[in-house]
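Here's a friendly walk through one protein model. Take a look at it first, then read on.

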Amino acid sequence: MKINWRSIPWAKNSFAALNAACELSGITLNEVDAPEDDITCYSLNSVNEPHFRDEISDAECITIAGGPHPTACWEEVRQYADYVVIGEGEYTLPALLRMIESGSQTLPAGVASKKQVVMPNHCVLLPSYPPFTSVKGYTEISRGCPFGCGYCQTPRLFGRHMRHRRIDDIERATRVFRDVRFVTPNALGYGSDGIHIRLDKVEKLLKSLTGRRIFFGTFPSEVRPECISDASLHLIESYCANRKVHFGAQSGSNHVLQMLRRGHTAEDVMKAYDLCRDHGMTPVVDYIVGLPYESDDEQRLSVTQMKEITRHGIVHVHHFTPLPGTPLAGTSARTILPDVQRELGRLAQSGKATGSWIDAEARFFKDNEDQLS
Ligand code: SF4
């Protein structure tokens, strides 16, 4: 049976991880640019999903769809895909492929077909799977997030319990790279529950990679602002090659942050900014504008904070997109005020702001095309 993986730039890291999991089960995935016999697998997000819907529905082979969008909207996706993988795929995808190959009709946990669904009953232990094998990707060091930010699919896909890959496994996997980059919801959360930071474990990890160029706390391993301290920046300075630290602010309004359940304040963001500046590091700070809870004044408050940040740093700004499966699904983005647009335009012209506040969807294509390219 020939099993194919539909090449999608956004999903390169998912391909690397699931290819490794399939190899462990003796299954080879062939990368293809269109659906082919016998089975073609897709990993979809909520923005690129409409672009693949007709292709999947017209495919003459068996189709399997997984990823953030099918997990959140499995009932909708199973209308056009033969099988939907709900949640993490490392265990489920090989089990489903084996089921199809054997001709069995008993779905493994975490799969929906046209007529049945068996909800996931497990979560993946990262040490049980390599981050990648023959198809290289970034090294995923942690999965899951204890925070439940209203706009984010991560805790809905991976759960709220942080799980970590072992240091010796990370060291072994990254030997093939001179430059080492990580995937994690919060790099400084490594080895901890994500709330009570364990810098001793972060240091142990970084020390184990001595001799390589380590990029930590910068894309794609951003950090949370309240984790930035003299001690954590000292670790990055001592062991890492990056001189930028990337963290999320999302809004300059404490009311909006509270409504989003971000778990930090606007003051935490400015404190992180000051610390980065004092350590000679450039802060790169994420914002979302047009959030449903935001008043006009609160939108302007975000811009006021962005202007402070850009005295020494860069802001990365996106227009809010409501994602399925999140508490903010079904809400609408607020319009960006004309004066806010003008200020963002000025910051962009001076090279201090990047992002996609005009076309929110561009974020999902552009950011992810950057990955591994
Ligand atoms: S935005 Fe970051 S901190 Fe918030 S839930 Fe998502 S991964 Fe966690």
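At roughly what angle do the axes of helix α8 and helix α9 cross? This is a predicted model, and in it the two axes cross at roughly 5° and come within 11 Å. Angles under 35 degrees count as roughly parallel, so α8 is roughly parallel to α9.

Now for who touches whom. On the α8 side you'll find Leu199, Val202, Glu203, Leu206 and Lys207, and they meet Ala231, Ser232, Leu235 and Tyr239 of α9. Sorted by class, this contact has 6 nonpolar, 1 polar and 2 charged residues.

Next, the sheet. It is open, with 7 strands in the order β2-β1-β3-β4-β5-β6-β7, and its pairing is mixed. β2 and β7 stand at the edges with a single partner strand each, so one side of each has no neighbour in the sheet. The partner of β2 is β1: the two run parallel and are joined by 4 bridges.

Helix α5 (residues 92-102) lies across β1, β3, β4, β5 and β6, and runs at about 155° to β5. Here is where to find those strands:

| Strand | Residues |
|---|---|
| β1 | 3-6 |
| β3 | 39-43 |
| β4 | 62-66 |
| β5 | 83-85 |
| β6 | 111-113 |

Last stop, the ligand. Around it sit Cys145, Phe147, Gly148, Cys149, Cys152, Thr154, Pro155, Pro185 and Arg224. This shell divides into 6 nonpolar, 2 polar and 1 charged.

Methods. Residues are numbered from 1 along each chain as its sequence is written. This is a predicted model: local features need pLDDT of at least 70, side-chain atom pairs count only at pLDDT 80 or more; totals for chains, interfaces and linings use all residues. A residue is near a molecule or strand if its C-beta atom, placed from the backbone, lies within 6 Å of it. Ala, Val, Leu, Ile, Met, Phe, Trp, Tyr, Cys and Pro count as nonpolar, Asp, Glu, Lys and Arg as charged, and the others, Gly among them, as polar. Axes are lines fitted to C-alpha atoms, for helices over the stretch in contact, and angles run from 0 to 180 degrees between N-to-C directions. Angles under 35 degrees count as roughly parallel, over 145 as roughly antiparallel, 65 to 115 as roughly perpendicular and the rest as oblique. Two residues are in contact if their C-beta atoms, placed from the backbone, lie within 7 Å. Two strands pair if DSSP finds at least two bridges between them.
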